[in-house]
Structures are given as structure tokens and as C-alpha cells.
Amino acid sequence: MEDIVVIGKVLKEWGTCGEIKVLPLSDNPERFKKLDRVYIVSPDGKRELRGVTVLRQQKGLVLLSLAGCNSPEKAAALRGYFLAVPKNELPLLPEGKYYTFQIKGLRVVTDEGRPLGIVEDILSTGSNDVFVVKGEKEYLIPFLKDVVKKIDLAEKLIIIHPMAGLLE
């Protein structure tokens with residue numbers, strides 16, 4: 001499923017016509033307004049659904065109507081599944097901004113060539129993101145200009161200049 005990106009999770013059915021309540025898992029909840037199709041991702045695989053209509057956004061959640069999902073029973077069957085879109089349909093980001101899926105899995109080395117490990121997770125702290133890097137040890141690398149010197153997606157590599165005490 002490398003070709004798609006999860007953007008939401010179906011929480012439950014809503015109303016009497018088969019609508020679903022979705023928890024956005026995207027930094028951009030407005031993306032739902034521009035959807036025409038999504039993939040429903042279940043333990044059995046993925047399937048494409050067209051005719052996506054955003055009914056409204058409510059308390060951080062999105063209410064959607066999907067073509068072919070026209071009863072509470074059909075909507076309830078989607079509970080716990082994920083909504084995804086093709087990676088090639090994601091909007092381009094400004095330079096220096098990245099999607100989480102682009103960063104996870106990248107190798108991290110210091111500017112002196114010392115390998116640290118692989119980005120396993122990204123923590124959002126409010127002021128800046130923090131890369132959780134796992135190798136022989138676990139490191140928390142702040143995504144700051146003074147620390148992260150280069151992100152090379154083609155080489156799957158992040159080069160950092162560690163601040164004093166960062167790697168101890």
C-alpha cells in the first residue's frame with residue numbers, strides 16, 4: 001500500500017442515509033472538501049470509492065457521504081477502517097516542508113558521517129517536530145534549522161549537526 005496515504009479514520013455511522021463520521025489524520029482537514037474519491041483501507045485490502053461529499057465539519061471531525069453507502073448498516077460496516085488517497089494526488093508542499101511519510105524511514109547521519117539510525121516516528125511538540133531516530137540508541141532530533149542541515153528524499157538521508165548534549 002505504498003501508493004496511498006491515510007488521511008482519516010472512520011469512527012462510526014451517522015444519520016439514517018449511510019453517512020460516516022471521520023477523524024481527520026491529516027494536517028490539512030480542508031483536504032476533505034476537495035475529495036472526489038477515496039480508498040477504504042481494511043484488513044482485507046483497499047477499495048476505491050467515488051462520489052465523496054463532505055456534509056460538514058463538526059468539532060474536529062468530518063461528516064462524509066459516499067456513493068453506494070446509503071444505509072446505516074453499510075456505514076457501520078466501515079467503522080474502524082481508514083480513508084486514503086493516492087500519493088500522487090497530494091498537494092505540493094512549500095520548500096522545506098515534508099509529509100510525515102516522506103520522513104519516516106530516512107537514515108540519519110551527523111555532518112561528520114556518524115550514522116545514528118532510522119526515523120521511526122515524528123512527535124509534534126507545537127513549536128517544532130521531533131524526529132524519533134532508532135539505531136544502537138534512540139535519539140530525539142529536533143527539526144530545527146540549526147540541527148537538521150539537509151533532507152535528501154532521493155538518497156533517503158537526513159544530515160544533522162548535533163547541538164551540544166543532543167547525542168549523549
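1. Strand β8 (residues 107–110) and strand β13 (residues 157–160) run parallel and are joined by four bridges. Strands here are DSSP runs (E, at least two residues), numbered from the N terminus, and two strands pair if DSSP finds at least two bridges between them. Within this pairing, V109 stands opposite I159 in β13.

2. The model is predicted: local features need pLDDT of at least 70, side-chain atom pairs count only at pLDDT 80 or more, and totals for chains, interfaces and linings use all residues. Residues are numbered from 1 along each chain as its sequence is written, and side-chain values use heavy atoms, with hydrogens and water left out.

3. The open sheet has six strands in the order β11-β10-β9-β8-β13-β12, and its pairing is mixed. At its edges lie β11 (138–142) and β12 (148–152), each of which pairs on one side only. On average, neighbouring strands of this sheet are turned by 35 degrees against each other, direction ignored; the axes are lines fitted to C-alpha atoms.

4. β12 pairs with β13 in the antiparallel sense, over four bridges. The two strands form a hairpin with four residues between them, and K156 in the turn has a positive phi of about 55 degrees. I151 stands opposite I158 in β13.

5. T110 belongs to strand β8. T110 counts as buried because its relative accessibility is 5%, buried meaning under 20% relative accessible area (1.4 Å probe, protein chains only). Leaving aside residues up to four places away in sequence, T110 touches L116, I159, I160, P162 and L167; contact means heavy atoms within 4.5 Å.

6. The second largest pocket holds about 200 Å³ of space, a volume being the space filled by probe spheres set on the grid points. A pocket is an open set of points on a 1 Å grid over the protein atoms alone, where a 1.4 Å probe fits, with protein on both sides within 12 Å along at least five of seven lines; lining residues have an atom within 4 Å of a point. Among the residues lining the second largest pocket are N28, E30, R31, V85 and P91. The lining divides into six charged, four nonpolar and one polar residue, with Asp, Glu, Lys and Arg counted as charged.

Technical notes
Axes fitted to C-alpha atoms, helices over the stretch in contact; angles between N-to-C directions. Buried < 20%, exposed > 50% of the residue type's maximum accessible area, 1.4 Å probe, protein only.
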